[in-house]
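Here is my notebook from an afternoon of looking things up in one structure. Please keep the picture open beside you and follow along.

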Amino acid sequence: MTVSFTVHGVPAPAGSKRGFYRAGRVIITDDAKRSRPWKAQVADAAAEAMTFHDPDGTSGYRPPLEGPLHLLLIFWMPRPTGHYGARGVRPSAPPYPAVRPDVTKLVRAVEDALTGIVWRDDAQVVHQEASKRYGVPPRVEIRVSELAP
């Protein structure tokens, strides 16, 4: 089975994880508070992608995917205004967004948002491809596929 969907909006990175002890327990927090709305948007789109509608009018959610998974993510980032001149994109503008945020943190935000909806645990992802490009509108294209045993 394959689940594919697009989430429109400017992709936000997950922050660094921080751990500390409190009352004898380890607490893990995420530094990037601004990523919460993005993660919620990704989770909403994932839930919609996991919804089924039968011809008899019934609908519901598919259970999370099982087993090993392949994850493909393409992040389309907005170009800075300095890349544009009077005639469009300047020839000197870089072709790829080799600037922050790094693709690893963008991936982590999406993986966190898909956990419990598309898969049980992001440890199920055994093969992933991720790229970051300039494009309009800003978005992330997501495809998750079950791998044959």
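**Entry 1: a charged pair.** I began with arginine 120 and glutamate 66, whose side chains meet in a salt bridge, with N to O at 3.0 Å. A salt bridge here is a side-chain nitrogen of Lys or Arg within 4 Å of a carboxyl oxygen of Asp or Glu. Arginine 120 lies in the loop between H2 and S9 and glutamate 66 in the loop between strand S5 (59-61) and S6, so this pair ties together parts that are 54 residues apart in sequence. The labels H and S are DSSP runs numbered from the N terminus: helices (H or I) have at least four residues and strands (E) at least two.

**Entry 2: what I am looking at.** This is a predicted model, in which local features need pLDDT of at least 70 and side-chain atom pairs count only at pLDDT 80 or more, while totals for chains, interfaces and linings use all residues. Residues are numbered from 1 along each chain as its sequence is written, and side-chain values use heavy atoms, leaving out hydrogens and water.

**Entry 3: the other salt bridges.** How many salt bridges does the structure hold? I found 3. One of them joins lysine 39 and aspartate 112 at 3.4 Å, N to O. Lysine 39 lies in helix H1 and aspartate 112 in helix H2, so the pair ties together parts that are 73 residues apart in sequence. Lysine 39 counts as buried at 16% relative accessibility, whereas aspartate 112 counts as partly exposed at 25%.

Glutamate 141 forms a salt bridge with arginine 139, and their closest N and O atoms are 3.1 Å apart. Arginine 139 is buried at 12%, while glutamate 141 is partly exposed at 27%.

**Entry 4: the sheet.** In which order do the strands of the open sheet of 4 strands come? I read S1-S10-S6-S9, with mixed pairing. S1 and S9 are the edge strands, each pairing on one side only. Two strands count as paired if DSSP finds at least two bridges between them.

I went through the pairs in turn. S1 and S10 run antiparallel and are joined by 7 bridges; phenylalanine 5 has isoleucine 142 as its bridge partner in S10. S6 and S10 pair in the antiparallel sense over 8 bridges, with leucine 71 opposite valine 144. S6 and S9 run parallel, joined by 9 bridges, and leucine 69 has valine 125 as its bridge partner in S9.

Is S6 covered on one face or on both faces? Both are covered: Leu69, Leu71, Leu73, Phe75 and Met77 are buried on one side, and His70, Leu72, Ile74 and Trp76 on the other.

**Entry 5: helix H2.** H2 covers residues 103-114, which makes 12 residues, and reaches 17 Å from its first C-alpha to its last, close to the expected 16 Å. The expected span is 1.5 Å times one less than the number of residues. Glycine 116 follows H2, and its phi is positive, near 90°.

Leu106, Val107, Ala109, Val110, Glu111, Ala113 and Leu114 are the buried residues of H2. What covers them includes strands S1 (2-8), S6 (69-77), S9 (125-134) and S10 (139-146), as well as helix H1 (35-49).

**Entry 6: the core.** Which residues touch the most other members of the largest nonpolar core? Of its 30 residues, they are Leu114, Ile142 and Val144. H2 gives the most to this core, with 6 residues. A nonpolar core is a set of buried Ala, Val, Leu, Ile, Met, Phe, Trp, Tyr and Cys residues joined through side-chain atoms within 4.5 Å.

Last, I checked isoleucine 142. Leaving aside neighbours within four places in sequence, its contacts (heavy atoms within 4.5 Å) include Phe5, Val42, Leu71, Val110 and Leu114.

Definitions and conventions. Buried means under 20% relative accessible area, exposed over 50%, partly exposed in between (1.4 Å probe, protein chains only).
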